Amino acid sequence: MGNHSDGSPNHSGTVARAGQNEVEKFQDPGLPPHRLRLADTDPKAAKRAERQVALLFGTSVVGTLIFLVAYFAIDLGDDTGIATIRLQNMLLGLGTAFAMLGIGTGIVHWAKALMPDHEVSEERHAIRTEEDRQAAVRIVDDIAEETGIKRRPLIRNTLLGAVALAPLPALAIFGDLGPRPDNTLAHTMWAPQDGKLKRLTRDPDGTPIKAADVTIGSAFHVIPDGLNELHEGKLNEKAKSVVLLMRLNPEELHPSPGREDWAYNGIVAYSKICTHVGCPVALYEQQTHHLLCPCHQSTFDLTQQCKVIFGPASRPLPQLPIAVDSEGYLVATSDFHEPVGPSYWEREQHVRNINA
Amino acid sequence: MSATSTPSAPAFVAKTKGGRITNFVDERVGGSGMLREFGRKVFPDHWSFMFGEVALYSFVILLLSGTFLTFFFDPSMAETHYQGSYTPLKNVEMSVAYSSSLDISFDVRGGLFMRQVHHWSALLFVASVSVHMLRVFFTGAFRKPREMNWVVGSVLLILSMAAGFTGYSLPDDLLSGNGLRIIDGVIKSIPVIGTYISFFLFGGEFPGTMVIGRLYMLHILLVPALILLMIVMHLFMVVVHKHTQYPGPGRNDGNVVGYPLGPVYAAKAGGFFFIVFGVVALMAGFFTINPIWNYGPYDPSPVSAGTQPDWYIGFVDGALRLMPGTIGNWSVEQVWFGQVFSFNVLLPALVPAGILFTVMFMYPWIERWITKDGREHHVLDRPRNAPTRTAIGMAGFVWYCVMWAAAGSDLIATHFHVSLNDVTYWLRALFFIGPVIAFIVTKRVALALQRKDREIALHGRETGRIVRLPHGEFIEVHAPLDEYKRYKLVGFESPSPLPAEPNANGVVDKKEKRRAKLSQWFFEDRVAPATPAELEAAHGHHGAHEAIESGDTQKTLSR
């Protein structure tokens, strides 16, 4: 025989083949004999455990008191610093922890040290007995027979049809959860209003930006002029119109045909909303001219018109065509030529509509 | 009827006041019967059975602390200027929801504590549900008759994540707002209806003014109600099935060995609630979680580097990060028939989670089909005794962990001073090979542990005593196990592959052949439990040594 591993890796005699395990098995020796605890035999140990449990319950009382003192003695006035709040929070936590852990560990210690620890065995019973099953089948048959649903298919089929259709109003009634999207996603605040080109202004204070202020290597977070004055839907507009403004050496930009006049003196403006799932692409690496989205690390190369060079985004950031007005302020010459932000089903139609 | 059918025994009259009240209730609801049924019901005891309890208790803590928070929270997205006592944000424009969250933190005594209790127990809730499911999976507790309870548990896992995410978004701070932004982007990538779903969820364009109120309703009413319903079903089935037990002497599929509910088990489980609460309170008191005042109100323009979702959403966020958006110059996003298919968002958001949850839901039936095992199982498998299942579980777990780690790719890069791009490339590779490695390694480890068990069962445990025999040979004395310890190592089934069987028409069809192949894969590598005959042989082998040492061996054994 010797059918055991001798420890060498090549000699695994223990891997049994089919059928081999049908040989006799070890018999279940039954529950191991019960072992008494110290507290079962020594009254002193039992007494000690009793005192320990009481001590733990006592700790809980102390915890409750800590909580109450911390709650009432520390006052949160108008000028409370964060340190006071931290202290109160810590003491409330400490108090609750003592109060709860005292009760919890006390009870568990009580159960483990003093309550009987004999393991008992209980029989399992069949979840379903054959007798019950037959009775249930008889009942179902009787019910089906009494309703006559098998004999009267007309009733059954019309009921099925009615029940199938009845939930439709419950779906339809949610129709006003939101408006139809139409082409709201295709436009932003940058579109010229009444023939007036929108100025590029600083985020968040809204002061306009002079082209002369934009030095090489600098970057501005930009919102359209008039955004701060909006009363309704300000965040909705902001979520589409935020822009990053950077100035590079004009030789480093490589505008594609048709985009030559979208920059001014090396100053370019790109949508700040990531084309992946819409986070703000807020990190500008000045040396490499890369824009990085902190959410999923999509990286866009400014020198290649914000082409995706790394990460999960698929499309370049949309560029905002800019120029300078008579007072020297930067303005957007038009809206974006494509919808900004994450892609959506109808996006391609919107691109075509914008450029038509 | 009552007049004629008077019981022969005189009606019970309680002596004390408490007794009379108890009797009053008992006569009307039949409490005695329930107590008789459940009062001494036996529950097996094991530390790994406590994860489910942690989940249940953290849910209770969530209900308690959440109710407190609703008294002060206002889910309105109307604009306001903050006037509370946190000076850095004074007069800053923000939503009422964010402002009221700040008030809870700074102007309601104990409010910050309750917020932190709520957030910590939410993290703990999802974590304990997950670990509980891992325990159930690796011990095979999902097998008949518990398959449906496994499904209920899986639904609970999804619901717990839904509860977590809807709650995470409520304070309307910068971090959670960006989280919603990502959800919006993912929803918009859904073909045909994505844009509509987004507009319906947000009541128009993102972010709109509706979404917090809607999430609030889901968070405090719909999702908790569903969770409660599922918990009731879950526990009902636990009572119907009775608890599983680990293998060991005296335990088999026909019995349940453990402590009676009253008093020991009830005391331990009840006391454990207070312990869980105490630990959560400690964390809430000492460790800041979600300091919304640092993030500021939601604004679509700023974002902070190193943003992380709560841990349980991490695997989806990580999958989003791992997916390349362009491969060379080829864009993963495609325009077909004039419509946009954003595969770079759609695939990572839906496919890994879809695979994980589909396999999770179906696994009991998959294994049942492969093994053709239709018997009831109440004794658990030790994970090593089901090597292929354990390996499958670890493969899935590692896959999940790779995605989860990817959600922190930027933090891995900054903490370990490595290139962010390299971290992503490595994780992309691990996404594919990680589960394969995990499968192979786990299976080998499980088989090795089975071999070790066999060794110990046959030759006893190593005592560390080196003895020189009269003829000069050195041996280490092994102490044989007592029969109870040995049974724990040998008392398991080791099924062999089940070859294809002809069906009722006497034909072995294609499906059956495939099943047989899978059965071969599932069971071919296995270590059979030691048998009495082998033990006999082993003793014969070492007989000479043991005869010499038997006297001492007996002493070292009885420790």
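## Confidence

The model is predicted, not experimental. For the complex, the predictor gives an ipTM of 0.89 and a pTM of 0.91.

Chain A has a mean pLDDT of 89, and 93% of its residues reach 70 or more. Residues 1–22 of chain A fall below 50 in pLDDT. Beyond near neighbours in sequence, that stretch has 35 contacts in the model. Chain B has a mean pLDDT of 91, with 95% of its residues at 70 or more. In chain B, residues 543–559 have a pLDDT below 50. Beyond near neighbours in sequence, this stretch of chain B has nine contacts in the model.

## Overall form of chain A

Chain A contains eight helices and twelve strands. Its C-alpha trace spans about 100 × 75 × 65 Å along the principal axes. The radius of gyration of chain A is 38 Å. A compact globule of 356 residues would have one near 21 Å.

Of the 356 residues in chain A, 31% count as buried. Contacts can also be sorted by distance in sequence. Among those in chain A between residues at least 6 apart, 57% join residues at least 24 apart.

## An enclosed helix

Helix α7 of chain A covers residues 234–241. Seven of its eight residues are buried, so the helix is largely enclosed by the rest of the structure. The buried residues of α7(A) are A:Leu235, A:Asn236, A:Glu237, A:Lys238, A:Ala239, A:Lys240 and A:Ser241.

What do the buried residues of α7(A) pack against? They pack against two strands of chain A, β3 (219–224) and β4 (243–247).

## Strands beside the helix

The two strands that α7(A) packs against also pair with each other. β3(A) and β4(A) run in the antiparallel sense and pair over four bridges. Here A:Ala219 stands opposite A:Met246 in β4(A).

β3(A) has another partner in β2(A), residues 198–202. These two strands are antiparallel as well, and pair over three bridges. A:Arg202 stands opposite A:Val222 in β3(A).

## An exposed loop residue

A:Phe174 lies in a loop of chain A, between α6 (168–172) and β2. Is A:Phe174 buried or exposed? The residue has 9 C-beta neighbours inside 10 Å, so A:Phe174 counts as exposed. The cut-off for exposed is 12 or fewer.

A:Phe174 and A:Gly95 are 79 residues apart along the chain. Their C-alpha atoms are separated by 48 Å.

## Where the chains meet

How many residues of chain B are in contact with chain A? There are 112, and they touch 92 residues of chain A. Helix α10 of chain B, residues 261–286, gives the most to the side of chain B that touches chain A. The helix supplies 17 residues there. By class, that side of chain B has 56 nonpolar, 38 polar and 18 charged residues.

Strand pairing also links the two chains. Strand β1 of chain A, residues 120–123, pairs with strand β4 of chain B, residues 255–260. The sense is antiparallel, over four bridges. One of the bridge partners is B:Gly258 in β4(B), which pairs with A:Val120.

Notes
Residues numbered from 1 in each chain as written. Chains lettered and ligands numbered in written order. Predicted model: local features only at pLDDT ≥ 70, side-chain atom pairs only at ≥ 80, totals over all residues. Rg over C-alpha atoms; globule rule 2.2 N^0.38 Å. Buried ≥ 20, exposed ≤ 12 C-beta atoms within 10 Å, placed from the backbone. Contact = placed C-beta atoms within 7 Å. Pairing = 2+ DSSP bridges. pLDDT = per-residue confidence, 0-100. Nonpolar A, V, L, I, M, F, W, Y, C, P; charged D, E, K, R; others polar.
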